[in-house]
There are 2 protein chains.
Amino acid sequence: MKVTNNIQDIRHMRWQQPAATWGLVPTMGFLHEGHISLVRRARAENDFVAATIYVNPTQFAPTEDLSTYPRDLPHDLALLEAAGADLVFTPDDSIMYPAGFQTYVTVEEVTRVLEGASRPTHFRGVTTIVAKLFNLIQPTRAYFGQKDYQQTAVLRQMVTDLNFNLDMIICPTVREADGLAMSSRNKYLDPAQRAGATVLSRTLAAGVAALQAGERDANRLRAMMQAMIAAEPLARLDYISVAHPRTLAELVEVADEAVLSTAVFFHRTRLIDNMLWQESQS
Amino acid sequence: MKVTNNIQDIRHMRWQQPAATWGLVPTMGFLHEGHISLVRRARAENDFVAATIYVNPTQFAPTEDLSTYPRDLPHDLALLEAAGADLVFTPDDSIMYPAGFQTYVTVEEVTRVLEGASRPTHFRGVTTIVAKLFNLIQPTRAYFGQKDYQQTAVLRQMVTDLNFNLDMIICPTVREADGLAMSSRNKYLDPAQRAGATVLSRTLAAGVAALQAGERDANRLRAMMQAMIAAEPLARLDYISVAHPRTLAELVEVADEAVLSTAVFFHRTRLIDNMLWQESQS
């Protein structure tokens, strides 16, 4: 496994065999089983697998946790090697945003709601860095976790609109035994918060169960889920959503599919989760 | 020479020989010797040459000449075939901007002056369509004329910032015998305007001659050139500039290089031209 922060190394390795397929797994490091599930899938589907580890400053607001975002490069590299990565790109800010940098990729409508409403500059940072990584690695397939659902919707839109020549592969959220979605930010939780944090997955699962049982009124679904979050004393709701899976527009009446999503604060730690529901074909 | 508006055809042809080099010449059609000089250079430097013909609506303001922009596809295709193009992509708006399109590439500082100041939405349209064409063709080299100098500076910045894996090749402006820079918009000029339009190249050449003779005060240069434009009765000056060739910031004192540029109206027709000056190495 080659580890480099050098763009020429990346280009060289990528184009040594021009016909080979490459899978890309972009990460901010501090890897957990969610990330590794993406690497394993990429390993199974491509000739070569590249991962990137870079805590991207442009997707953090000044008030957010950029400086304290957890990092553990030796552990990350051991996990990536074990999962079969061939190449790990570990750039720093001087490589990704050199002096004079001034170009941004912006996706409009689908970034304005949910995470984008709470974090107005976040997705511009995500789409810009991912466009750069796509151009640096030029992967055949790029792997992202469903955990960051809106991110996957935004990036799909970018790939379609800018005609990137790659397939977006969205992989299922990996969860702890009690249902909590794996996240590098879970380490911020104290034991009581960690116990309370199961409210996200329990609430979303209850929403899916209600849909499964025939509920189609999105306001009733939101109210029911909101009440479940409110019942957890350590949780402070940011948003609860019943939306169209592609546009993320809030639904009034659910037709045959919806994405249920929520963001919840535990003191300063903000957790997100989502579940996708599609009516089974009969 | 294959002519297609189909993206799958493009991908197929581009990747039949993954190791081959490709040159790309993006155009809005109504081709003249300036465009063809780019195709010939691309032909000489690459295994395959792709040209694109697409009048891109997002780079026109509502008040501009989108609907009347000149078009002559049969003539364009004959010229491209004669110059040795292998592939011509001729999409329409439904292919380039399908319903739901919402992603834009924006370059900041360098787009705010000169053409960008006069045409505030222009460069966002240019960078977005060129990013799309880069991703569709995935060229080894992309060819642009120096005639649209700021466009080349903006696109260079985009290529650097977003890490596009290609070389930008900027080719000299091709001129009529009397010095007028070739442009599809020259056909809008009536005979008197056409005669007066040589004021652009005469003025810029006088600026270069002054620099060559040792003038380094940018205000004096601008004043001298402004007076030359003012002396042409059919001309109405939009801007005259003595700027840094990469950032396009206006200079106070010229050091060892500058780009002189101007935009001039003849009634409703707006012409641009530029000349680059670099101190000869002694």
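Just after H7(A), Asn163(A) adopts a positive phi of about 60 degrees. The model is predicted: local features require pLDDT of at least 70, side-chain atom pairs count only at pLDDT 80 or more, and totals for chains, interfaces and linings use all residues. Residues are numbered from 1 along each chain as its sequence is written, while chains are lettered from A and ligands numbered from 1 in the order in which they are written.

Helix H7 of chain A covers residues 149–161, and its 13 residues reach 18 Å from first C-alpha to last. That is close to the 18 Å expected at 1.5 Å a residue, the expected span being 1.5 Å times one less than the number of residues. Helices (H or I, at least four residues) and strands (E, at least two) are DSSP runs numbered from the N terminus. Because 11 of its 13 residues are buried, H7(A) is largely enclosed by the rest of the structure. Among the buried residues are Tyr149(A), Val154(A), Met158(A) and Asp161(A). A residue is buried if 20 or more other C-beta atoms, placed from the backbone, lie within 10 Å of its own C-beta.

## Packing of H6 on H7

Helix H6 (residues 122–137) of chain A packs on H7(A) at about 50 degrees, with the axes 10 Å apart. Axes are lines fitted to C-alpha atoms, for helices over the stretch in contact, and angles run from 0 to 180 degrees between N-to-C directions. H6(A) contributes Phe123(A), Val126(A), Thr127(A), Val130(A) and Ala131(A) to the contact, and H7(A) contributes Gln151(A), Val154(A), Leu155(A) and Met158(A). Contact means C-beta atoms, placed from the backbone, within 7 Å.

## Val107

Val107(A) belongs to strand S5 (residues 103–107) of chain A. Val107(A) is buried, with 23 other C-beta atoms within 10 Å. Leaving out residues up to four places away in sequence, Val107(A) touches Phe123(A), Thr127(A), Val154(A), Gln157(A) and Met158(A), as well as Gln102(B) and Thr103(B). Tyr97(A) is 10 residues from Val107(A) along the chain, and their C-alpha atoms are separated by 20 Å.

## The sheet

An open sheet of 6 strands in chain A has the order S1-S4-S3-S2-S6-S7, with parallel pairing. Its edge strands, S1 (2–4) and S7 (167–171), each pair on one side only. Strands S3 (residues 48–53) and S4 (residues 87–89) of chain A pair over 3 bridges, where pairing requires at least two DSSP bridges. Ala50(A) has Leu87(A) as its bridge partner in S4(A).

Definitions and conventions
Buried ≥ 20, exposed ≤ 12 C-beta atoms within 10 Å, placed from the backbone. Contact = placed C-beta atoms within 7 Å.
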